[in-house]
Amino acid sequence: MGEVVLRLEGITKNFGALKANENVSLNLEKGEVLALLGENGAGKTTLMNILFGQYTADSGRVEVFGKTLPPGMARAALDAGVGMVHQHFTLAHNLSVLENVILGTSSLWSWKLQYKQARQQLLELANRYHLKINPDAKVSALSVGERQRVEILKALFRQAKILILDEPTAVLTPQETESLFKTLTEATEQGLSIIFISHKLHEVMKIAQKVAILRHGKLIATKETRETSPNELAALMVGNPIRPPAVTERDSGPVVMELLNVSTESQHHSKGLKNVSMRLCSGEIVGLAGVSGNGQTSIADLVAGLITPSQGKLHLDGKPIDQWSPRQSVLSGIARIPEDRHHAGTIADFSLTENSIIERYRDQPFARHGWVNWQAAEGFTQELIRQYDVRCPGPDTRIRLLSGGNMQKLILGRVLQNDPRVILAHQPSRGLDIGAVHYVHKKLLEARQKGATILLISEDLDEILQLSDIIHVASAGRVSPPFQRGKVTPTELGGWMSGAAFAKQETLHAP
Amino acid sequence: MEILEIFLTASFWTAAIRIASPLILATMGELICERAGVLNLGIEGIMVAGAFVGWFGAYIGMGLWGGVLLAFVVGMLLGLLHASMTVSLGLSQHVVGLGITLLATSLTYYAYRVALPEVTSPPKIEAFQPISVAILAYIPILGPALAEQTPLTYLAIATVLITSFVLYRTPLGLALRAVGENPSSVAAQGLSVLGLRIGAVVVGSGLMALGGAFLTLSAFDSFFFGMVNGRGWVCIALVVFGAWKPHKAFLGAILFAAFDAFQIRLQQSTIGADIPYQIFLMMPYFLSIAALVVMSRKAEVPAALMVPFYKGER
């Protein structure tokens, strides 16, 4: 049993009627990595913000190295040796790395910034923890992984003995995650203690010695990773044993939408399409696999009416489409779950109600004689919140205050509540925890059962293989021929992803 | 060639630097506010108030420096009013700024009438006289023009150096720049975002008032209505022109003042006889817009300019 460096005792915090934390107690020992596991909205971030003085707890106590911290003071936690790497980095982009690191480290009233000394110290730290960084680079020029390094160095520069990382891998590539884990392991060997907040089970199992599981604001259990399994953790986290939704066989209906030899101009951030043909039938999930940036965005934009084909035809119900715009797309019963739920899916500073009707504010029952019927809109939103279990204080809440999972549930509800004919699901489960992922899958399968056409675009091959009746692969703006469920192996799909299979196909068909 | 000769006379540059002085002071004030993330459109009104209060202080016998100090204090108070609404309450910086300008201007005129109900022509004071700083004359080109100025001009130039030093060389300046870029970065270090911003607006507004006081205590020797005449708005443009950097904004002020001094001389020259004088009056503004277009396209605006900060928000 090591020395306890951090103790949380009976922390309770309410936001209005929402119980974000309820009587949570935790101990962190020296040199260990404690994972804080929980679904989105389970209260992980709130708990850490209380520890860090960003919020004041309604009751409870925070003790660092045996001393109780005064509540609501970020300075106190910092001075006691607690450093936090927030999920949304707190860096000033126009300043250099060095400037960001030394910000606030000496008294505001001292005469000089100790640039030289600080640079020396920063480079030593970077060396010791193998965090390569250029102190004079502007933060705006750094990659996400590098920015995270700056955040960690910032904490270490302040001689943090306890490091809190809030969902540190959410924004990292697999390689960056790997190197972060190496850094963290080395840091604990040098005596640091770490709280690692995550909802990714395999990461938690890999990096942590102890796991504390939060659910609905309550501490459910604390487990040693040696003595538990991902399945047990998942069950504890979600509250019941995890079972992925079952896929039932179903014959597909008539063709709803068809892309015939479609090419598009490349947009500034997405590849154009080259001679793409696809057929979307009712009661069918068509999966589009492939690494992001290979034309998926163009296909999604095409279906949503944001772009039109430069060559080829788009057919709806067997008839060619002449006029094609987002409005036309919505009117044709196409609903979309956008790839970027923060920017394309919602308006951050609008309320849940406003976001719920944003695609249909002109239609009955939300509009009457050119006026918005807010009563109907709010009733609809209440219904979405109830049916889709959106955790929030109420329909008037600004949507930016919701966690990613809850935001996605609202978008999903908005899409499904209309009984759409076509659902464009672009990365619908990215960044969500298992419970939410299964929920999204279940709802998509239900829509399929009701006869909807679903175009599922995902980077996650497991997701594609599990849900899709038909699978296509996108690579460099081209799309593979369709494969039936169960008639194709992941290795074969991999060949299409890399583009090798396209080359082979072309030589076969060459005259 | 008559036109080019204007630029070569020392008296031309002496005039340019004199005209630039109030702009420099107020521009530094605005720059400090904006670097901390607050657009201060109260600048025009604060300059009017500073012009009157500075003059009034001298008029009632506080002495010239007493007037300067009084103007600075009144400017800071108006800044505090601005900050309490824009920073503490997070209200619209446009509306509050314009409101402060209207309020300060009207209050000033009212105060002038209350203090001097009987007068018809504005009373005069004994204004600052140029002092000779002989060493400065050795600086190439601008030296002779710098050597014969009033103390407030030297104060203005010192303000640029001090602002630059504080912003780039001290922890306080770093925190100010960071709070204008991303307030969360400052809050995460346990520093007070509101405190820094309020402080910046208060001190910045004090400097704006000094810019106004220059007009009555140095450039002229009395206060009259409409004397600030849009200089505040010019300063807002100068901050953008200078890409939020003190030395560039300083050069911008000199450039603008040079245009202004130039047009005055053009009006008096033989060319001036045939052209309506309003054309010349317009010239500095026209040229500043042109310069603004050329210079400020790649400028890095403080990312959090006009974004209020609320504690505990994502």
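**Exercise 1.** In this predicted model, find the residue just after helix α4 of chain A that takes a positive phi, and state the angle.

*Solution.* Just past the end of α4(A) stands A:H130, whose phi is positive, at about 55°.

**Exercise 2.** Check whether the length of helix α4 of chain A agrees with its number of residues, and then work out how its buried residues are arranged around the axis.

*Solution.* Step one: the helix covers residues 115–128, which is 14 residues, and at 1.5 Å a residue these should span 20 Å; because the end C-alpha atoms are 20 Å apart, the two values agree. Step two: taking buried to mean under 20% relative accessible area, we find A:A118, A:L122, A:L125 and A:A126 buried in α4(A). Step three: seen down the axis of α4(A), the buried residues fall within an arc of 100°, and therefore they line one face of the helix. Step four: these buried residues pack against α3 (97–102) and α5 (144–157) of chain A, while the face turned away from the buried side carries A:K116, A:Q117 and A:N127, which are exposed.

**Exercise 3.** Describe the open sheet of six strands in chain A, and locate the helix α8 that lies across part of it.

*Solution.* Step one: the strands follow the order β6-β7-β8-β3-β9-β10 in chain A, with mixed pairing. Step two: the edges are β6 (82–85) and β10 (218–224) of chain A, each of which pairs on one side only. Step three: strands β3 (residues 33–38) and β9 (residues 210–215) of chain A run parallel and are joined by five bridges; in β9(A), A:I213 is the bridge partner of A:L37. Step four: helix α8 (residues 230–238) of chain A lies across β3, β9 and β10 of chain A, running at about 30° to β9(A).

Notes. Residues are numbered from 1 along each chain as its sequence is written. Chains are lettered from A and ligands numbered from 1 in the order in which they are written. This is a predicted model: local features need pLDDT of at least 70, side-chain atom pairs count only at pLDDT 80 or more; totals for chains, interfaces and linings use all residues. Side-chain values use heavy atoms; hydrogens and water are left out. Two strands pair if DSSP finds at least two bridges between them. Helices (H or I, at least four residues) and strands (E, at least two) are DSSP runs, numbered from the N terminus. Contact means heavy atoms within 4.5 Å. Axes are lines fitted to C-alpha atoms, for helices over the stretch in contact, and angles run from 0 to 180 degrees between N-to-C directions. The expected span of a helix is 1.5 Å times one less than its number of residues. Buried means under 20% relative accessible area, exposed over 50%, partly exposed in between (1.4 Å probe, protein chains only). The arc is that of the directions from the helix axis to the C-beta atoms.
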